[in-house]
Amino acid sequence: MANYPVGLGSSRINILVVNESQPEPVVMTIYTLNIYRENRPSLPIFDEYMMCGFLQDCGLVIQPEEPCGLETLPSSYLSLGSQGQVQACNSGDAKGRWIVPCLSCADNRTCDWREVSWQPENCYHPVLNRSQLQTCMEGKKVIFIGDSTNRGMMYYLMERVNETLEEWDKAHDTKLYHNVNGENTFLSYSYYPQFWLSKDQRPTFEKALEQLIQRSRPLENTDQTVLVVGGVQWLNTNHLQIIQKVLKRENLSSILVVMKSLGMGFHFPADGVRSLSLNGVKDLFSENTQILIAAKKCGYEVIDTFSITMGRYKEFLQGRCACHFHEVGKLTFSKPTIHRKMKLSRHSGKGFSRNSKLPGLQDFLSISNSPYHVKGPINQVYSEILLSRICMNKRRHTST
């Protein structure tokens, strides 16, 4: 029997009935199953509620020393709302957790999961409005190298800056985009690793990075050039050494480098793809920590996507790897747009919390001329952190 993980949203399974009595098998009929997996059920919040938080799901305990499931928020979170000022996070890996309003932290069925948000513990990630983002991105060249999870962040950036997403594809090669921010911003992307090729034909990371840089030139040796590197599970600390070597050789050692760390995926058994045991996932968590430490020592910005995806690992979208927390689809207007009034949280701080205007689906639905939209609230969170780190960056000094 075959195993296929079903992501949130709709999945289609075709069952072919084949006559193998002929020299060439003949398809006699096809049965199509449409399966729809919904998000968590949500109970609308009324006047009385409490803020609950979680780091990890009890179905996959990666950090045994930490609690799993919903719990009452610690005092460090509850005090955020009463403080006069909360500092902006100085790193994209600031320790945080998901928070959600509930009637009781002992019962996740009493929560309004439409309002779940990522909240760092002692700081906030600034969320830029459209005008601020367009100004920040003016004159920048942002080059992405990595797998489809990196590509999802690129398309999110493109839609946020342009207010529309005119084109997209599941690129597994190199793509160049000049039509961003009124042609004032340039984006490029190269898929890595090309796992479908045999190892003797597969470009090395060093070669792939060099080729992307050459295709993206001319490039300034300043933070107007941004390199975003990352993927779901192939990245390791050796890649950091290669990046340093290539950038030095290409006279680009002063550009801004952002490392998107590892993420959840391959944690469900599926035919045709590898799957990880619990110990394998724990090893990834340790590797992720080492990548973050090493990247910051190099003076690079980081985004801890592993911690963000860890607690919501079941909420992946389509794909057998169970590693995609985004998908790009056409906008449909068959249903009227519902604008819900955002209720202020009494215990949350700034940034990704209920009192911030994090751009949501309703913002994009008002843009009738946008043919595509990047969906996925988890991808939205770490993509917004990427934008924050690019635009609020204060250059680090490389450790010696």
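A: Helix H3 makes the biggest contribution to the lining of the second largest pocket, with 5 residues. The model is predicted, so local features need pLDDT of at least 70 and side-chain atom pairs pLDDT 80 or more, while totals for chains, interfaces and linings use all residues. Residues are numbered from 1 along each chain as its sequence is written, and side-chain values use heavy atoms, without hydrogens and water.

The pocket (an open set of points on a 1 Å grid over the protein atoms alone, where a 1.4 Å probe fits, with protein on both sides within 12 Å along at least five of seven lines) has lining residues with an atom within 4 Å of a point. There are 36 residues in the lining of the second largest pocket, and Gln318, Gly319, Arg320, Cys321 and His324 are the ones that lie nearest its centre. Two or more residues of that lining come from each of strand E1 (9–19), helix H3 (148–162) and strand E13 (327–330), where helices (H or I, at least four residues) and strands (E, at least two) are DSSP runs numbered from the N terminus.

Strand E1 leads on to a hairpin, which it forms with E2, and 6 residues lie between the two strands. Over 11 bridges, E1 pairs in the antiparallel sense with strand E2 (residues 26–37); two strands count as paired if DSSP finds at least two bridges between them. Within this pairing, Arg12 has Asn34 of E2 as its bridge partner.

Another set of strands can be described in the same terms. An open sheet is formed by 4 strands in the order E4-E3-E5-E6, with antiparallel pairing. Strand E4 (71–72) and strand E6 (117–120) are at its edges and each has a single partner strand, so one side of each has no neighbour in the sheet. Strand E3 (residues 50–54) pairs with strand E5 (residues 96–102) in the antiparallel sense over 5 bridges, and Cys52 has Val100 in E5 as its bridge partner.
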